Amino acid sequence: MDNKIKITSFEEGMVVKISGDLDSSKCFLYKEKIHEYMRTYGPRHLIWDFKDLTFIDSAGIGLILGRYNEIERVKGTMGLIGLNAYSRKVISISGLFSLMKEYSSLKSFLKEEKISI
């Protein structure tokens with residue numbers, strides 16, 4: 001599977017979809033792309049879509065935590081969708097579930113967080 005990042009938007013928010021590996025070799029590039037989007041649009045909500053994620057390491061966890069801190073500063077919310085058994089286990093071990101929730105879809109995130117589109 002190719003490694004790539006795709007960023008899409010919704011009202012006051014963004015979805016970051018990572019395909020392939022989220023590791024130290026990709027994090028710098030991905031961080032720059034996410035920062036550019038955040039500087040331009042100022043989203044309050046961020047959803048990570050890991051449906052096509054095949055690997056995540058500590059650098060990937062660090063990337064997520066850094067964006068969590070940015071979203072937290074604007075009193076926004078962050079969540080995860082599309083987790084498979086592997087990514088759910090890594091996220092759980094890392095403790096990220098204490099900071100954000102898993103949602104079944106973007107639609108369920110919007111509904112649960114009472115965000116209109």
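This is a predicted model: local features need pLDDT of at least 70, side-chain atom pairs count only at pLDDT 80 or more; totals for chains, interfaces and linings use all residues.
The buried residues in question are Cys27, Tyr30, Ile34, His35, Tyr37 and Met38 of α1. An α-helix has 3.6 residues a turn, so residues three or four places apart point the same way.

Helix α1 itself runs over residues 24–41, which makes 18 residues. From first C-alpha to last it reaches 26 Å, close to the 26 Å expected at 1.5 Å a residue. Gly42 follows α1. The phi of Gly42 is positive, near 55°.

Now to the aromatic rings. A pair of aromatic rings is described by the distance of the centres and the angle of the planes. Here the count comes to five aromatic pairs, with centres within 6.5 Å. Take Phe10 and Phe109. Their ring centres lie 6.3 Å apart and their planes meet at 75°, so this pair is edge-to-face; the cut-off for that class is over 60 degrees. The pair links distant parts of the chain. Phe10 sits in strand β1 (residues 4–10), Phe109 in helix α4 (residues 106–112), and 99 residues separate them. Phe10 and Phe109 are both buried.

Trp48 and Phe50 give a tilted pair, 5.9 Å centre to centre with 35° between the planes. Trp48 has 0% relative accessibility, so it counts as buried. Phe50 is also at 0% and therefore counts as buried.

Phe10 and Phe109 also belong to a cluster: ring pairs link them with Tyr103.

Conventions
Residues are numbered from 1 along each chain as its sequence is written. Side-chain values use heavy atoms; hydrogens and water are left out. Rings of Phe, Tyr and Trp (its six-membered ring) pair if their centres lie within 6.5 Å; planes under 30 degrees apart count as stacked, over 60 as edge-to-face and the rest as tilted. Helices (H or I, at least four residues) and strands (E, at least two) are DSSP runs, numbered from the N terminus. Buried means under 20% relative accessible area, exposed over 50%, partly exposed in between (1.4 Å probe, protein chains only). The expected span of a helix is 1.5 Å times one less than its number of residues.
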